[in-house]
Amino acid sequence: MALFGTGSGNWLTSAAGRRLLPEGWLSGPMPWVIAIMMFLMVLAAAAGLALGFAARGLDSHLSGQITVQVVDADQARRDATADRIVGALASQPGVAAVRRISDGEITDLLRPWLGAGLADNDLPVPAMIDVAFVPGAAGAQQAAEAAVLALGPRARIDDHAQWLAPLAGLIASLRWLAAVLVLLMAAAAAFTVVLAARSALNTHQATIDVMHHLGSTDAQIAQLFQRRIATDALFGGMVGLLLASLVIFAVGDRIARVGSDLIGSVDLPLVAWAILALLPLAGTLLATLAARATIILALRRRL
């Protein structure tokens, strides 16, 4: 019995042991179901990662910035007030940069909305000043706002962070939704593996009985089945990753053609691609563990 007992693991892991399962690999629907699950999982994960990096970039670019508008029908007085504000803010502690937006730039921004005829017809526009603060400068924004209101009572101050708060909340909600979808796809893939493992046990019940009589342990039999399932899961995961990557590249090209700075910030850096590349490996590990646990529990119940 020692020949078939403790030493049986050698022939189980060999080519002869693998021939105990007559059907060829990738013969069932499980690899293709895993591919579909991985396709959806990668897309959901890519969306969550892109939104996360976009939110971080948006926060770093727009937090700690304000826009000052000087609204005055008298253009000379408007320009004088804007010049005083620019000079005062330039010397303000904690202010990183101050830039007066020219009337030509404002006209270019208004042209798509008002049309070329109205935008170029000497419309009265406010003087606009962009102010950026040094990161971490405590009280710099409040001091700058007080200085602006002291120099120009008619000036209006727009806090970018205040206007973008609803957008930040929406991005956070969508990121949580993407995370939930990834978990649901992973759970669905695990359940698929469980069903496939149980089906394989039922199909090869006679072979398993013979192996038990020859002295094979449950762990050795589970290893034989889990290798097949892990191979199928890895193949399906790589196919899903490849198809999802093609879709991501196609969508990214469409986004790049839009030309919007806000939409264009939804991009995937290299670290995000590295995370996506690990998903098929993580899926294969999950499938292997699920298959092993399912087979060992089923074998113990049958004994």
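The entries below go through the cores, the arginine and the aromatic pairs in turn.

**Basis.** I worked from a predicted model, in which local features need pLDDT of at least 70 and side-chain atom pairs count only at pLDDT 80 or more, while totals for chains, interfaces and linings use all residues. Residues are numbered from 1 along each chain as its sequence is written, and side-chain values use heavy atoms, with hydrogens and water left out.

**Cores.** I looked for nonpolar cores, meaning sets of buried Ala, Val, Leu, Ile, Met, Phe, Trp, Tyr and Cys residues joined through side-chain atoms within 4.5 Å; buried is under 20% relative accessible area, exposed over 50%, and partly exposed in between, with a 1.4 Å probe and protein chains only. The largest such core has 39 residues, and the members that touch the most others are Val42, Val193, Leu201, Phe225, Leu268, Leu276 and Ile295. Two or more residues each come from α3 (30-62), α7 (160-203), α8 (205-213), α9 (218-258) and α11 (270-302), helices being DSSP runs of H or I, at least four residues long, numbered from the N terminus. I then listed the contacts of valine 42 (heavy atoms within 4.5 Å): beyond its neighbours within four places in sequence, valine 42 meets Leu241, Ala244, Ile248, Leu276 and Leu279. A second, separate core holds 15 residues, among them Ala127, Ile129, Val131 and Ala144.

**Arginine 78.** I found arginine 78 in helix α4 (residues 75-90), and with 3% relative accessibility it counts as buried. Not counting residues up to four places away in sequence, arginine 78 touches Val70, Asp72, Arg100, Asp103, Val125, Pro126 and Ala127, and Ala127 is also one of the residues of the second core.

**Aromatic pairs.** I searched for rings of Phe, Tyr and Trp (its six-membered ring) with centres within 6.5 Å, calling planes under 30 degrees apart stacked, over 60 edge-to-face and the rest tilted. The structure holds two such pairs. Tryptophan 32 and phenylalanine 235 have ring centres 5.3 Å apart and planes at 85 degrees, so this pair is edge-to-face. Because tryptophan 32 lies in helix α3 and phenylalanine 235 in helix α9, the pair ties together parts 203 residues apart in sequence. Tryptophan 32 is partly exposed at 43% relative accessibility, as is phenylalanine 235 at 26%. For phenylalanine 249 and tryptophan 273 I noted centres 5.0 Å apart and planes at 15 degrees, so the pair is stacked. This pair links helix α9, with phenylalanine 249, to helix α11, with tryptophan 273, across 24 residues. Phenylalanine 249 is exposed, at 54% relative accessible area, whereas tryptophan 273 is partly exposed at 22%.
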